[in-house]
Structure formats: structure tokens, C-alpha cells
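Reader: Could you walk me through the side-chain contacts here, with the cut-offs spelled out as we go?

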Amino acid sequence: MSSDQFDSALDLLRRLPPHSTSANLNRICALAPDLTEELLSSVDQPLQTRQCKKTKRDYLLCDYNRDGDSYRSPWSNEFYPEVEDAEMPSERVRKMEVRMGEALEVYRELYYEGGVSSVYFWDLDDGFAGVVLLKKTTPKSSSEGGWDSIHVFEAIDRARNAHYKLTSTVILRLSTGNEALGDMDLSGNMTRQVEQDMPVQDDASHIVNVGKLVEDMELKMRNLLQEVYFGKAKDIVGDLRSLQPLTETNKDKATHQEMINSMKR
């Protein structure tokens, strides 16, 4: 695989519409199959949903629960389609994965009032790592929207403390349109990272610590999206579209200029 090709593919995806990332990623992988694994693990794209055949519950697909063309369900801990000699979490890490998944279900209902969530943990030499996934979409109509949260973390054990490194990505998609106003599409993604040492007494402490980090990060990113991105878009639209007739605007400018001139005398 050429590093130049990989960098060019990432550069191209950054310049294409964010709402078409999945389709464009598939096209690039078809043109350059050697880049497939590296691109799938490097490019954040909207999460896909699948139903667990054993429990009939929905779960989210990502690169962290994938083995080839199969995906592991967090509810049954089985791959679909089945995979021989698949890498599975240890018994300790699997128990934490289940408990974190249960806590995330409560968090999702309180904050999102619906949607789908999934948690996947795996072992590290000096701790464990995991990913927390959340997805909420609006019903299809003239206005559509979607929110995808991807929180990847590492927890490194250090005596009575643990060092956590969290990388969070939010993918937001909003679109609306009608004959009178036309079409509008607002989409993009944001990535933030934080590292923190936190006290740990037992495995339950990891669940609390990771949950707090994810909750705080989501709150910060939601506020940033609302205040900066939506606020800036509102200002731009306000500058482009004037509610006052042009004659009144010119009259106000002339009055303002006249006042400035009189103050200079």
C-alpha cells in the first residue's frame, strides 16, 4: 500500500460532502482494494444498525466489532455470520462490557429518548479498551436528521488509579426542503480528545469513570455545536437575507452616516 495513495484518499474524503462519506468510501475501496482495511479503520462514517439473530435486539456496527465481513453482537457475544477462532474479550472484560451496555441504555433513554446504543470492550496488555456508540435518527419526512457518537477509550491500570484516554467523534446530519424554500443540507463531524487520571477501587469504578468521561464530552460537544456551528450559520444566513426593504436599509445607513459627519464638525 502506498502512503501517498492513502493520504490522497483521506484528503479526497475530507473535501467531499460529509453526508455521502459511506458511499464515497465504498467507491474508493473499489478503486483501490489495498487501502480497504486502513481506510475502514481510519475514516469515521455514520453507524449502521443490525439485529441480533439470537436476542432480536438492534446493535451498531463499527470497525471495533468487525472480523472480516462478520460483526459481533454485544447482546449474545456471537459473530454473525459465524467466525472460527475469532478474538473475543476475556471473561473479566466481557462482564464490564455487559455492565457498561446496561448503563448506556439508561443514559440513552434519558438523553436521546430513543435510538440505538452499543458497547464493545477488548483486552490490552496493561488494561483494556473499548468503544461506546450512540445513534439517533429522525423519521423520514421532508426534514431528516441523524446523530452518531463514537467514543473510543483506553484504560491503563496504575496501582490505585487508571489513566484514561478518550477520543470522541460526533457525526451530525440535518436536511430539509420544500418547493417554497428549496433544499438545505447541514452535515459534518467533530473530533475531540481528553486524557485524565481517575481513582479505581474495582471493575465497577471503571464503568463509572468511563461513563462520566463520555457524558461530559458529549455535553461539551453538543454545546460547541449549538453555540459555534449553528450560531455561525445563523449569523451568515442573517447577513445574506435582510428582513427590511432595501430602501429602508439605505435610509438607515444614510442617517447613520449623517450622524457621524455631524459629530466630526
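Predicted model: local features only at pLDDT ≥ 70, side-chain atom pairs only at ≥ 80, totals over all residues.

What follows is a set of questions and answers on side chains and their contacts.

Reader: Let's look at the aromatic rings: what is the geometry of the pair Phe121 and Phe153?

Author: Rings of Phe, Tyr and Trp (its six-membered ring) pair if their centres lie within 6.5 Å; planes under 30 degrees apart count as stacked, over 60 as edge-to-face and the rest as tilted. The structure holds 6 aromatic pairs. In the one formed by Phe121 and Phe153, the centres are 5.4 Å apart and the planes stand at 85°, making the pair edge-to-face.

Reader: Are Phe121 and Phe153 buried or exposed?

Author: Buried means under 20% relative accessible area, exposed over 50%, and partly exposed in between (1.4 Å probe, protein chains only). Phe121 has a relative accessible area of 2%, and Phe153 has 3%. On those values Phe121 is buried, and Phe153 is buried.

Reader: Why is the pair of Phe128 and Phe153 called edge-to-face?

Author: Phe128 and Phe153 have ring centres 5.9 Å apart. Their planes are at 85°, so the pair is edge-to-face.

Reader: And how far apart in sequence are the parts tied together by Phe128 and Phe153?

Author: Phe128 is a residue of strand β7 (residues 127-137), while Phe153 sits in strand β8, so the pair ties together parts of the chain. Both Phe128 and Phe153 are buried. The separation of the parts in sequence is 25 residues.

Reader: Turning to charges, how many salt bridges are there?

Author: A salt bridge is a side-chain nitrogen of Lys or Arg within 4 Å of a carboxyl oxygen of Asp or Glu. By this rule the count is 17.

Reader: Why are Lys95 and Glu91 separated by about one helical turn?

Author: Lys95 and Glu91 form a salt bridge, with the closest N and O atoms 3.6 Å apart. Both Lys95 and Glu91 are exposed. The separation is about one helical turn because they are 4 residues apart in helix α4 (residues 91-111).

Reader: Which strands hold Asp148 and Arg173?

Author: The side chains of Asp148 and Arg173 meet in a salt bridge of 2.6 Å, N to O. The pair ties together parts 25 residues apart in sequence, so its strands are β8 for Asp148 and β9 for Arg173.

Reader: Are Asp148 and Arg173 buried or exposed?

Author: Asp148 has a relative accessible area of 0%. For Arg173 the value is 18%. Asp148 is therefore buried, and Arg173 is likewise buried.

Reader: Which backbone nitrogen lies 2.8 Å from a polar atom of the side chain of Glu97?

Author: Glu97 is in helix α4 and is buried, with a relative accessible area of 2%. Contact means heavy atoms within 4.5 Å, and, leaving out residues up to four places away in sequence, Glu97 touches Arg72, Pro74, Asn77, Val119, Tyr120 and Phe121. The backbone nitrogen in question belongs to Phe121.

Definitions and conventions
Residues numbered from 1 in each chain as written. Heavy atoms only, no water. Helix = DSSP H or I, 4+ residues; strand = E, 2+ residues; numbered from the N terminus. Polar contact = N/O pair within 3.5 Å; in protein donor to acceptor, adjacent residues only side chain to side chain.
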